[in-house]
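This briefing walks through one protein model, from its overall dimensions down to single residues. Please keep the sequence and the 3D view open while reading the points that follow.

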Amino acid sequence: MSIFHPATLICPNCSTANTVERNASVNADRRPDLRDAVLDGSFQATECTKCGTALRLPPHLTYMDLQRKQWILAHEPDHLDEWPQTEAAARDTYARSFGDQAPEMARRLGAGIHPRIVFGWMALREKLICDELGLDDTSLELLKMAVMTTVDKPPIADQTELRLVGGNEEALELSWVVTATEERLADLSVPRDIYDGVAGDTEAWEDVREKFDGKLLVDLRRFVAGSVA
Ligand SMILES: [Zn+2]
């Protein structure tokens, strides 16, 4: 089931109160259009009725796509620092919904799912693109680490993040985006060979890869935000 509730967004430009449908739960199996909307950025987005300023309600929802084996709890990006508690709570929720504490039928439906939590729209979108391109999300995070150490002066700051934004069989498109506004500051095309090298090199990356083992927040930002674990 996909659940909607009306929510109010105050325009930062003219203070007009706008109404947006807030989604508490998205079932992409039944509503593939909502998956499309997450991918194209129109999900929970609108324009101010008075001045036309682009507005978007941050995510706070459960995203489920059983066919693609995805179960993702998406939270507001400014809640990133609370990730340790969020990850623990999500682990419990997943266990009761599809994991080892769920009824047998639900467990069967959940077989093969690696539950995830994300903070912000770009992070949720990234997980969908990652799956679409047949990438392993842990290897993607390792690739980002490799990229960050080789690029001159990457715009790494609290307000920006490196995200997968697209790609094909030849290359992966990464972008430094401003978390709050989704503005893309700099794009980077990485040959897919480099990803394949990272994904296939189990020895060189073993230590870092292990840090993501069994985790729900498969995101480099877990190493820099909140009470780091
Ligand atoms: Zn406005």
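Helices and strands are here DSSP runs, a helix being H or I over at least four residues and a strand being E over at least two, and they are numbered from the N terminus. With that numbering, Glu 182 falls in the loop between β9 (171–178) and β10 (184–191). The model is a predicted one, and the protein in it has seven helices and ten strands.

**Overall dimensions and packing**

- The radius of gyration of the protein is 18 Å, which agrees with the value near 17 Å that a compact globule of 229 residues would have.
- Taken along the principal axes, the box that the C-alpha atoms fill is roughly 55 × 50 × 35 Å.
- Of the 229 residues in the protein, 47% are buried, a class that requires a relative accessible area under 20%.
- When contacts between residues at least 6 apart in sequence are considered, 55% of them join residues that are at least 24 apart.

**Surface and charge**

- The protein has an accessible surface of about 11800 Å², and carbon and sulfur atoms account for 51% of that surface.
- There are 25 positive and 39 negative side chains in the protein, with the centres of these two sets lying 5 Å apart.

**Two helices with a buried face**

- Helix α1, which covers residues 32–40, has Leu 34, Arg 35, Ala 37 and Val 38 as buried residues. These buried residues line one face of α1, because they fall within an arc of 160° when seen down the helix axis.
- In helix α6, which covers residues 192–200, the buried residues are Arg 192, Tyr 195 and Val 198. Seen down the axis of α6, its buried residues fall within an arc of 120°, so they too line one face of the helix.
- An α-helix has 3.6 residues a turn, so residues three or four places apart point the same way.
- The other side of α6 carries Asp 193 and Gly 200, both of which are exposed, while the cover over the buried residues of α6 includes α5 (137–150), β9, β10 and α7 (206–211).

**Residues with positive phi**

- Gly 41, which follows α1, has a positive phi near 85°.
- Ser 15 is not a glycine, and yet its phi is positive at about 65°. Its place is in the loop between β1 (3–10) and β2 (17–27), and Ser 15 counts as exposed because its relative accessible area is 56%, where the class begins over 50%.
- Glu 182, in the loop between β9 and β10, likewise has a positive phi of about 65° although it is not a glycine. With a relative accessible area of 23%, Glu 182 is partly exposed.

- Ser 42 lies in the loop between α1 and β3 (45–47), and at 39% relative accessibility it counts as partly exposed.
- Leaving aside residues up to four places away in sequence, Ser 42 touches Ala 37 and Arg 56; of these, Ala 37 is one of the buried residues of α1.
- The C-alpha atoms of Ser 42 and Arg 56 are separated by 8.5 Å, the two residues being 14 residues apart along the chain.

**Arg 91, in helix α2**

- Arg 91 is found in helix α2, which covers residues 83–97, and its relative accessibility of 38% makes it partly exposed.
- With residues up to four places away in sequence not counted, the contacts of Arg 91 are Gly 214, Lys 215 and Leu 216.
- Between the C-alpha atoms of Arg 91 and Leu 174 the separation is 29 Å, and these residues are 83 residues apart along the chain.

**Asp 219, in the segment after α7**

- Asp 219 is found in the segment after α7 and is buried, with a relative accessible area of 7%.
- Its contacts, again without residues up to four places away in sequence, are Glu 141, Arg 163 and Phe 212.
- Asp 219 and Thr 138 are 81 residues apart in sequence, and the distance in space from C-alpha to C-alpha is 7.9 Å.

Conventions. Residues are numbered from 1 along each chain as its sequence is written. This is a predicted model: local features need pLDDT of at least 70, side-chain atom pairs count only at pLDDT 80 or more; totals for chains, interfaces and linings use all residues. Side-chain values use heavy atoms; hydrogens and water are left out. Buried means under 20% relative accessible area, exposed over 50%, partly exposed in between (1.4 Å probe, protein chains only). Contact means heavy atoms within 4.5 Å. The radius of gyration is taken over C-alpha atoms; the globule rule is 2.2 Å times the number of residues to the power 0.38. Accessible areas come from the Shrake-Rupley method with a 1.4 Å probe; for residues, only the protein chains shown count as cover. Lys and Arg count as positive and Asp and Glu as negative; His and the chain ends are not counted. The place of a charge is taken as NZ of Lys, CZ of Arg, CG of Asp or CD of Glu. The arc is that of the directions from the helix axis to the C-beta atoms.
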